[in-house]
Structures are given as C-alpha cells and as structure tokens.
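Here are some exercises to work through with the model open beside you. Try each task before you read its solution.

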Amino acid sequence: MLAKSVIDKHYGNGPDLAMAIGAALAEQVRHIDADVVQLDEANLPGNPSEWQWAAASINRVFDAVKTTAAVHLCFGNYGGQTIQKGRWENLINYLNALHVDHVVMETAHRPADELEIFRELRPEIGFGLGVIDVKSTVIETAEEVARSIERAAKALGPDRIRYIHPDCGFWMLKRNIADGKTRAIVAGRDLYEGRSG
C-alpha cells in the first residue's frame, strides 16, 4: 500500500520500492516492544496479482518483529466506502506466504460464501473474524454478532477462529456508533459462548 501511495523518483518500479520501504520499516519495528505489531494492507486485495512481491516486502518487516506479528487486510475504508474490488480467494497464496501469527480480516462486509476460502489458510496462522461492519452506521445486535461467529465456526471449524473484531478501524464513525459497535462485539461473543444473561 505504501509503495502505491508515494511518488517514486528513484527505484522506477513497485517491487524495488516496496522492498526498500520494507527494509526501512523493519529497522523501526526492531525497536518496538509492543505485544503485537500489526501492519495494515488495504491495496493488495484489489491487486492480487502483485502478491509475491507484496509478501516479500512485508515479510521483511514481520521478520524484524520481536514479539507477535499480525496483518490486517481489507478492501479499503474511506468515507464508509469500499475502495478495492476483488475476492479473498484471490489472496490465499499471499496470506499463506506471510510470516505472521495471525490475520485480521474484513468479513462482516463481505459475501458470506467467502468464508469457505479460509479453510485453505495455513493452520498455524490464527484467523481473525470481522464481525462488525464499519462501513455501516447501524449498530449490530449481540444476536447478529453471535450468528456471525456461529456461521464462521460451522464453515471453518470451532477452533479455527482465534479473534473477533471489527472489519477495520472505527475512525470514520461517530463516537457513539463506535462505542455501540464495540459493546456489540463483547455482548455477541458472550452470547455465542453462553455467558449472556
């Protein structure tokens, strides 16, 4: 994503620029002691043919993480709009090539049948299920979140889902909506796990 958002007057091609950016970011993350270092990638979902050099450059960064490495992928989140077009099935090779502990995926705003592709995710990579649609101002109910978790557990296996989360950040939503959606995640998880009421 960064290689696509800067003007390149030196390298002359995306892969070389991405590798240079990866090296610069790797030098920075070597000094981070956070429990989890998560990188975001919102361009590749719309450009899956670039997955090999994208994986090589981002793995430079992940290999420098001293703690837990993770990646978030989505189809964009600007003004509540999807920016990239595509399907997750086009990126399974990319996901499987990553040197990460887990992936944090946009799935709430995506077609339900796309969940099936994540059966092909390497078993040692934890799966993060998006259960909150950040492109909608409607606050999900606990029942809706619980059903999303249940549907994914049936499709992927109950032990496959390691995290639940919103599809992306809440930065485009008003605070009261973001707060309500955050409460819905907790209530929906508790309902799914039988801890409600």
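**Exercise 1. Find out how many bridges join β2 to β3 and which way the two strands run.**

Step 1. Start with β2 and β3: they run parallel, and four bridges join them. Helices (H or I, at least four residues) and strands (E, at least two) are DSSP runs, numbered from the N terminus. Two strands pair if DSSP finds at least two bridges between them.

Step 2. Look for Val-71, which stands opposite Val-103 in β3.

Step 3. Contact here means heavy atoms within 4.5 Å. For the angle, axes are lines fitted to C-alpha atoms (for helices, over the stretch in contact), and angles run from 0 to 180 degrees between N-to-C directions.

A word on what you're looking at: this is a predicted model, so local features need pLDDT of at least 70 and side-chain atom pairs count only at pLDDT 80 or more, while totals for chains, interfaces and linings use all residues. Residues are numbered from 1 along each chain as its sequence is written, and side-chain values use heavy atoms, with hydrogens and water left out.

**Exercise 2. Work out the strand order of the open sheet, then say which strands stand at the edges.**

Step 1. Trace the five strands: the order is β1-β2-β3-β4-β5, with parallel pairing.

Step 2. Check the ends. β1 and β5 (161-166) each have a single partner strand, so one side of each has no neighbour in the sheet.

Step 3. Follow the twist, which averages 25° from one strand to the next.

**Exercise 3. Describe helix α3: how many residues has it, and which of them are buried?**

Step 1. Take the span first. α3 covers residues 51-62, twelve residues, and reaches 16 Å from its first C-alpha to its last, close to the 16 Å expected at 1.5 Å a residue. The expected span is 1.5 Å times one less than the number of residues.

Step 2. Pick out the buried residues of α3: Ala-54, Ala-55, Ser-57, Ile-58, Asn-59, Val-61 and Phe-62. Buried means under 20% relative accessible area, exposed over 50%, and partly exposed in between (1.4 Å probe, protein chains only). As a reminder, an α-helix has 3.6 residues a turn, so residues three or four places apart point the same way.

Step 3. See what covers them: the list includes α2 (14-29), β1 (36-41), β2 (68-73) and α4 (92-97).

Step 4. Zoom in on Val-61, which has a relative accessible area of 2% and is therefore buried. Leaving aside neighbours within four places in sequence, Val-61 is in contact with Gly-22, Leu-25, Ala-26, Val-29 and Leu-39.

**Exercise 4. Find the partner of Glu-114 in a salt bridge, and decide where Glu-114 lies.**

Step 1. Locate Glu-114 in the loop between β3 (102-105) and β4 (126-132). Its relative accessible area is 3%, so Glu-114 is buried.

Step 2. Name the partner: Arg-110 forms a salt bridge with Glu-114, with the closest N and O atoms 2.9 Å apart. A salt bridge is a side-chain nitrogen of Lys or Arg within 4 Å of a carboxyl oxygen of Asp or Glu. Both Arg-110 and Glu-114 are buried.

Step 3. Widen the view. Arg-87, Glu-89, Arg-110, Asp-113 and Glu-114 are linked in a network of salt bridges. Within it, Arg-87 and Glu-89 come to 3.5 Å between their closest N and O atoms. Arg-87 counts as partly exposed because its relative accessibility is 27%, and Glu-89 is partly exposed too, at 41%.

Step 4. Compare another salt bridge, between Lys-135 and Glu-106 (3.1 Å, N to O). Lys-135 lies in the loop between β4 and α5 (142-156) and Glu-106 in the loop between β3 and β4, so the pair ties together parts that are 29 residues apart in sequence. Glu-106 is buried, at 1% relative accessibility.

**Exercise 5. Say which residues have the most contacts inside the largest nonpolar core.**

Step 1. List them: Tyr-94, Leu-95, Leu-98, Val-103, Phe-118 and Phe-127, in a core of 43 residues. Such a core is a set of buried Ala, Val, Leu, Ile, Met, Phe, Trp, Tyr and Cys residues joined through side-chain atoms within 4.5 Å.
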